Amino acid sequence: MAVVPQEAIDQFEALMGEVDEPLKRTFQNVHQGYPHETLTRFLKAREGNVTKARKMLMDSLEWRTQNEIDDMLTKPIVPVDHYRAIRDSQLIGLSGYSNEGLPVFAVGVGLSTYDKASVHYYVQSHIQMNEYRDRVILPGVTKKCGKLISKCIKILDMTGLKLSALNQIKLVTRISSIDDLNYPEKTLTYYIVNSPYAFSACWKIVKPLLHERTQRKINVLSGCGQEELLKIMDYSSLPHFCRKRSSGSSNSSSDNCYSLDHPFHQQLYNYINQQAVVRKPARPIKHGSVHVTVPENADDEEIANTLESELQKFKNLERCRESFKGLKTTDDKRENM
């Protein structure tokens, strides 16, 4: 749905005036001074249906209060070595900004292993990234640009995508459900780069299962996508995996936006630690993950099951190929006689 009628926004706004005070407080953290924009996002996620959009938003606000999401940026993951391990296995980072001022997030889909911590830590880290984006990054760039910036761009790197990704589908689905149900319409465009054959084959199966509005946001680029991406951002904002190799290329961790040593992750981690001290200065920072309930999303479950089924087919085919590698045909035997 490209345009939401003003009448629907007004109706939605009137209904939101009836909610309880705790939900109103968390709603302020969600809209950051732009309630109409937030109502519009939820309306778009429910095809302009006010009743469905209100239920979606109310469920999200309840989820936030029950799981203390407003306090998520006061709960650092410690010790720092543990957080570094999470960053090395859950690859995501801010590489820069588009020409229009939108934050550009890079996601290492193919090389993320999610094997250095419990599911709860990865969910906590993901939510902290979302909250920092919505409550710090986007308000900051809005002020800098002098216009509302409420969305981001995501570049999904499929480098290294293997059939072993089958083991991560459930976790990725849980994280995707959190985004779909609580942070809808926050991404303007998804760019997919460095796609291997396994992705291309699965994409043909999964694409028809996606909502039309989601399909319109996804662009599969050729190779590393550098030429196309340079049309919407400067070279300095390109993620490291979108830059064509040259003899002068730098491989330092500060250029790798996934790394904890990258300026973005340093700022994020320092911010959370500072907020923890401000919020509870007399208490030591607690170790251990935050347990967040993950809402179920039937659409994401269907996509996950389809992906799982298709990847299993590739896995079985790969096993068959391996089993035939050591066999010799009759002609092979005659040639060796």
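A cavity is a set of points on a 1 Å grid over the protein atoms alone where a 1.4 Å probe fits but cannot get out, and its lining residues have an atom within 4 Å of a point. Grid points are joined across faces, edges and corners, and a volume is the space filled by probe spheres set on the points.

The model is predicted: local features need pLDDT of at least 70 and side-chain atom pairs count only at pLDDT 80 or more, while totals for chains, interfaces and linings use all residues. Residues are numbered from 1 along each chain as its sequence is written, and side-chain values use heavy atoms, with hydrogens and water left out.

**Cavities**

The count comes to two cavities of 30 Å³ or more. Residues are classed as nonpolar (Ala, Val, Leu, Ile, Met, Phe, Trp, Tyr, Cys and Pro), charged (Asp, Glu, Lys and Arg) or polar (the others, Gly among them). Helices are DSSP runs (H or I, at least four residues) numbered from the N terminus.

| Cavity | Volume | Lining by class |
|---|---|---|
| Largest | about 80 Å³ | two nonpolar, three polar, six charged |

Around the largest cavity lie Asn29, Val30, Arg41, Ser60, Arg64, Glu131, Asp134, Arg135, Asn182, Tyr183 and Lys186. Helix 2 (21-31), helix 4 (50-66) and helix 6 each give two or more residues to this lining, and the largest share, three residues, is from helix 6.

The second largest cavity is lined by Ile92, Phe105, His126, Met129, Asn130, Arg133 and Lys154. Helix 6 again supplies the largest share here, with four residues.

**Packing of helix 6**

Axes are lines fitted to C-alpha atoms, for helices over the stretch in contact, and angles run from 0 to 180 degrees between N-to-C directions. Helix 6 (residues 119-145) packs against helix 7 (residues 169-182) at about 30 degrees, with the axes 11 Å apart. Helix 6 is therefore roughly parallel (under 35 degrees) to helix 7. Contact (heavy atoms within 4.5 Å) involves Val119, Tyr122, Val123, His126, Ile127 and Asn130 of helix 6, and Leu171, Arg174, Ile175, Ile178 and Asp179 of helix 7. Seven of these residues are nonpolar, two polar and two charged.

The axes of helix 5 (residues 80-89) and helix 6 come within 11 Å and cross at roughly 80 degrees. The two helices are therefore roughly perpendicular (65 to 115 degrees). His82, Tyr83, Ile86, Arg87 and Ser89 of helix 5 meet Tyr121, Tyr122, Ser125 and Met129 of helix 6. This contact divides into five nonpolar, three polar and one charged.

Methods:
Angles under 35 degrees count as roughly parallel, over 145 as roughly antiparallel, 65 to 115 as roughly perpendicular and the rest as oblique. On a 1 Å grid over the protein atoms alone, a cavity is a set of points where a 1.4 Å probe fits but cannot get out, and a pocket is an open set with protein on both sides within 12 Å along at least five of seven lines; lining residues have an atom within 4 Å of a point.
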